[in-house]
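Subject: A structure for you to explore

Hi there,

I'm passing on a structure that I hope you will enjoy looking at.

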Number of protein chains: 2
Amino acid sequence: MPHIELPEGYPGISAGFTYRPETAKPMRELAHILLHEPNSLAPAERELIATHVSAGNNTKFCALSHGAAATAHLGGDDTLVKQVKTDFTSAEISPKLKALLNIAGKVRQDGKLVTSADVEAARREGATDLEIHDTVLIAAAFSMFNRYVDGLGTWQPDNSEMYAQMGKHLAEEGYRAPSVKHPVEEAVAS
Amino acid sequence: MPHIELPEGYPGISAGFTYRPETAKPMRELAHILLHEPNSLAPAERELIATHVSAGNNTKFCALSHGAAATAHLGGDDTLVKQVKTDFTSAEISPKLKALLNIAGKVRQDGKLVTSADVEAARREGATDLEIHDTVLIAAAFSMFNRYVDGLGTWQPDNSEMYAQMGKHLAEEGYRAPSVKHPVEEAVAS
């Protein structure tokens, strides 16, 4: 049960976004720039960072929806998503992305945990300043999105088909427009 | 030393905002709506929530600048700011604000810690759904801002005059336009 009267049938963050469109707009815009706009980090890499942070915070809705977006960017293969959620150090990803995921995992806990050595390690693997900046900000932003979703007590369903559709939509269209426009059928039954 | 090459002489978040104006815009807009636009929670109350979260996360720049904004809203008296930073339960604030600070403090740690009893307690003191929503989102947003400031290793000076000026500017003008437009003199010396 959500802690406040949120519009029924909207899962996760879409309930908060529908309830308060004024704050939804800049939050969507920030996600769109960080995850969808052209960047030297591939969209799949940025979605994997978002997924890693959300899984670390144990926020099911965000971990599943961004995991699904990463999967969609990767042509439907969810191997890397599973690896990045459990142990990214042994995942089949670039050393650069591993170094960035290390930074993101520290920011998730406390930004002060990031050391010069962490940043140097990312630079040695070819990370640019902008990529390091965006990694820090993606991890910081998901520290917000995760807390928003959990702190409102939103409905976070187990519906793999819904997440797959949402992930496809997010991968194709990005974050400016709602990915959930109408109440999800299942909500009424659940 | 910042972890990446940030523009010199910009303290705290203003360095990140100057470095990456694209992401600064929606982040400023979100802060403006949450802290400055008309709301049934007074601007001073919302700044106290932001200060409490930032102090809990030990992010000096945010705690001092939003503490200064709250002080400016309160006519220059920083008594409440000091109380809210140390022990809000004995602060001279309304029972409603205490109940909201309790929720904010839990969201800061993990949104899942917020219970129905916490929300009911706030409602009993007169908090509306929108006030509870905005409290959750202010706490979530400062979980982002704090991590962004700390995760980049930004310069967080001890300069009470600078924070007082910044707080006055934020209280009067809000968050859409930069409160630090030029490098701060002290930076060159420090």
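A word to start with: angles under 35 degrees count as roughly parallel, over 145 as roughly antiparallel, 65 to 115 as roughly perpendicular, and the rest as oblique. Please keep in mind that this is a predicted model.

Let's begin in chain B. Helix H4 (residues 60-73) of chain B packs against helix H8 (residues 129-151) of chain B at an angle of about 125°, and their axes are 8 Å apart. H4(B) and H8(B) are therefore oblique to each other. On the H4(B) side you will find Phe61(B), Cys62(B) and His66(B), which meet Phe142(B), Phe145(B), Asn146(B) and Val149(B) of H8(B). Five of these contact residues are nonpolar, two are polar and none is charged.

Now for chain A. Helix H4 (residues 60-73) of chain A and helix H9 (residues 160-173) of chain A cross at roughly 60°, with axes that come within 7 Å. That angle makes H4(A) oblique to H9(A). Which hand does the crossing of H4(A) and H9(A) have? It is right-handed. Residues in the contact include Phe61(A) and Leu64(A) from H4(A), and Tyr163(A) and Lys168(A) from H9(A). By class, the contact has ten nonpolar, three polar and one charged residues.

The last pair is also in chain A: helix H2 (residues 21-36) and helix H8 (residues 129-151) pack at about 145°, with their axes 11 Å apart. The crossing of H2(A) and H8(A) is left-handed. Among the residues in contact are Met27(A) and Leu30(A) of H2(A), and Asp134(A) and Leu137(A) of H8(A). Twelve nonpolar residues and one charged residue make up this contact, with no polar ones.

Happy exploring!

Terms used
Residues are numbered from 1 along each chain as its sequence is written. Chains are lettered from A and ligands numbered from 1 in the order in which they are written. This is a predicted model: local features need pLDDT of at least 70, side-chain atom pairs count only at pLDDT 80 or more; totals for chains, interfaces and linings use all residues. Side-chain values use heavy atoms; hydrogens and water are left out. Axes are lines fitted to C-alpha atoms, for helices over the stretch in contact, and angles run from 0 to 180 degrees between N-to-C directions. Helices (H or I, at least four residues) and strands (E, at least two) are DSSP runs, numbered from the N terminus. A crossing is left-handed if the near helix is turned anticlockwise from the far one by less than a right angle, and right-handed if clockwise. Contact means heavy atoms within 4.5 Å. Ala, Val, Leu, Ile, Met, Phe, Trp, Tyr, Cys and Pro count as nonpolar, Asp, Glu, Lys and Arg as charged, and the others, Gly among them, as polar.
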